[in-house]
Amino acid sequence: MSAPDPFVRVHGVTKTYGAGPVLNGLSLDLAHGEVLVLCGPSGCGKSTLLRCINGLETIEGGSITVGGVRVDGADAATLQQIRLATGFVFQNFNLFPHMTALENITIAPMKIRNVSKRQAEEQGRALLAQVGMPDKAASFPFQLSGGQRQRVAIARALAMQPSLMLFDEPTSALDPEMREEVLQVIQRVHHEHGMTMIVVTHEIGFAKSVASRAMLLDAGRIVEEAPARQFFTEPREERTRKFLRAIVNE
Amino acid sequence: MNYTFQFGVLAEYGPYLAGGLWHAWWTSFPSIILTTVLGVVLAAMHLTRSILLRGAAVVFVDLFRTLPVVVLLIWIHYVMPILTGISSSPTTSSIIALSLNGAALACEAFRGGLAAIPPTQTQAAQSLGFSRWQVFRYVTLPQAFFATLPSLTNVHITVIKNVTVTVLIAVPEVMFRAQELTIQFFRPLEFYTGAAILYVALIWGYAVFMRSLEKLQKWQPI
């Protein structure tokens with residue numbers, strides 16, 4: 001009997017920006033319910049990888065499938081299906097500034113899934129409560145703190161009931177105090193929904209408690225891949241040890 | 001200076017002159033609406049993947065912002081009927097000419113406003129599953145609208161000012177009536193000054209209205 005197909009499969013992916021390769025023949029498999037933490041120095045390709053998995057960037061070589069559907073080279077309709085099944089949380093939140101927190105959450109279900117306004121708002125309020133902001137429904141993004149903005153962004157992604165969540169450095173634009181509130185929300189989302197996640201982060205404590213696997217990327221290649229606990233406590237590679245020392249000293 | 005002011009004639013014929021404002025407004029108002037709608041459509045055409053639509057938008061803008069309004073107006077009113085056999089009223093011809101010219105200007109204003117929206121907004125919307133059209137309709141255009149308002153106001157003011165050239169095809173707006181009265185009474189200073197005051201009042205009032213729209217923006221960019 002063969003193992004079940006992985007939920008996310010990245011196979012031999014290459015991608016170049018101008019001078020050099022950003023992703024250099026990168027491969028990884030992710031099973032349902034797994035949480036993968038990606039680390040690496042800036043420019044190592046970790047954000048690009050997430051964007052490729054969401055079809056926000058095109059790749060030059062290799063293939064990417066999500067839920068058995070090919071992402072690279074997909075037509076607009078297929079790409080939309082993949083994006084509907086995938087939630088993306090950005091480093092800089094990217095909330096829609098002209099909509100309230102609640103509208104940010106309800107717009108996609110209403111316009112894409114044709115959910116009624118009443119139903120979308122009911123779900124939206126429940127999600128706001130889930131991310132600990134039940135009283136901020138009517139606030140515009142400019143009235144919210146960074147941590148609150150990121151929590152709304154997470155609720156916005158969850159509103160489409162994705163089966164995969166991609167987090168691109170969700171806390172690196174935040175003050176240390178606000179990081180904790182966002183990390184707790186991500187942790188709760190994982191526990192409550194058992195959702196498959198890829199998280200680009202350097203938060204070691206968070207990674208150890210939530211991630212099933214961790215990976216270090218450098219220059220578009222995987223340097224080391226290991227179960228999270230092992231990765232952070234006893235890494236095999238000297239490059240990983242050096243990197244972990246650097247982020248601890250940050 | 002050898003001229004005796006007789007602003008008294010304005011007391012008598014001022015109402016007739018001011019009545020031209022009615023025609024000025026009903027020529028400029030439909031033109032402003034058409035200018036704005038066409039401007040948005042042209043700006044949207046610039047953003048499509050279709051080379052045909054983008055090309056059409058570029059040709060439209062380059063043609064109608066380079067054509068002097070007077071040439072365009074005379075051409076539409078006197079040449080079009082020869083070509084097509086369809087003639088239109090002076091007011092309709094004027095609305096067409098002013099709208100074509102205004103739309104080319106409005107397109108560029110909207111393009112400027114849209115370019116100011118960070119591409120990350122589009123990415124966030126796409127990652128939620130929005131189509132390109134939905135991204136434009138719900139995310140970038142509503143944000144660009146407020147960013148475009150000041151330059152859109154300038155475009156609208158240009159459209160209103162251009163109404164004065166319709167004097168050439170006898171739309172009975174303020175300038176036409178000032179000319180008419182001057183020929184009759186030989187009082188150019190009084191009547192043209194009256195026309196100036198009426199247009200300034202109309203355009204100033206319009207600008208105040210447009211500025212009040214800016215206050216509708218309850219959010220701030222982040």
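Predicted model: local features only at pLDDT ≥ 70, side-chain atom pairs only at ≥ 80, totals over all residues.
Residues are numbered from 1 along each chain as its sequence is written, and chains are lettered from A and ligands numbered from 1 in the order in which they are written. The mean pLDDT (the predictor's confidence in each residue, from 0 to 100) of chain A is 92, with 98% of residues at 70 or more.

Chain A contains an open sheet of 6 strands in the order 6-7-8-3-9-10, with mixed pairing; two strands pair if DSSP finds at least two bridges between them. Strand 6 (86–89) and strand 10 (221–227) of chain A form the edges, each pairing on one side only. Neighbouring strands are turned by 15° against each other on average, direction ignored. Angles run from 0 to 180 degrees between N-to-C directions, with axes fitted to C-alpha atoms, for helices over the stretch in contact.

Strand 3 (residues 35–39) of chain A runs parallel to strand 8 (residues 196–200), to which 4 bridges join it. Val35(A) stands opposite Met197(A), and Leu36(A) has Ile198(A) as its bridge partner in strand 8. A further 4 bridges join strand 3 to strand 9, also in parallel, with Val37(A) partnered by Ala214(A). Because 5 of the 5 residues of strand 3 are buried, this strand is largely enclosed by the rest of the structure. A residue is buried if 20 or more other C-beta atoms, placed from the backbone, lie within 10 Å of its own. Val35(A), Val37(A) and Cys39(A) point one way, and Leu36(A) and Leu38(A) the other.

Helix 5 (residues 146–158) of chain A packs on the sheet, touching strand 6 and strand 7 (164–168), and its direction makes about 170° with that of strand 6. Contact requires C-beta atoms, placed from the backbone, within 7 Å. Helix 9 (residues 238–248) of chain A lies across strand 3, strand 9 (213–218) and strand 10, at about 95° to strand 9.

Asn94(A), in the loop between strand 6 and helix 3 (101–112), has a positive phi near 50° although not a glycine. Asn94(A) counts as buried, with 23 C-beta neighbours inside 10 Å. Glu169(A), another non-glycine residue, has a positive phi of about 45° and is buried, with 21 other C-beta atoms within 10 Å.

How values were computed
Helix = DSSP H or I, 4+ residues; strand = E, 2+ residues; numbered from the N terminus. Contact = placed C-beta atoms within 7 Å. Buried ≥ 20, exposed ≤ 12 C-beta atoms within 10 Å, placed from the backbone.
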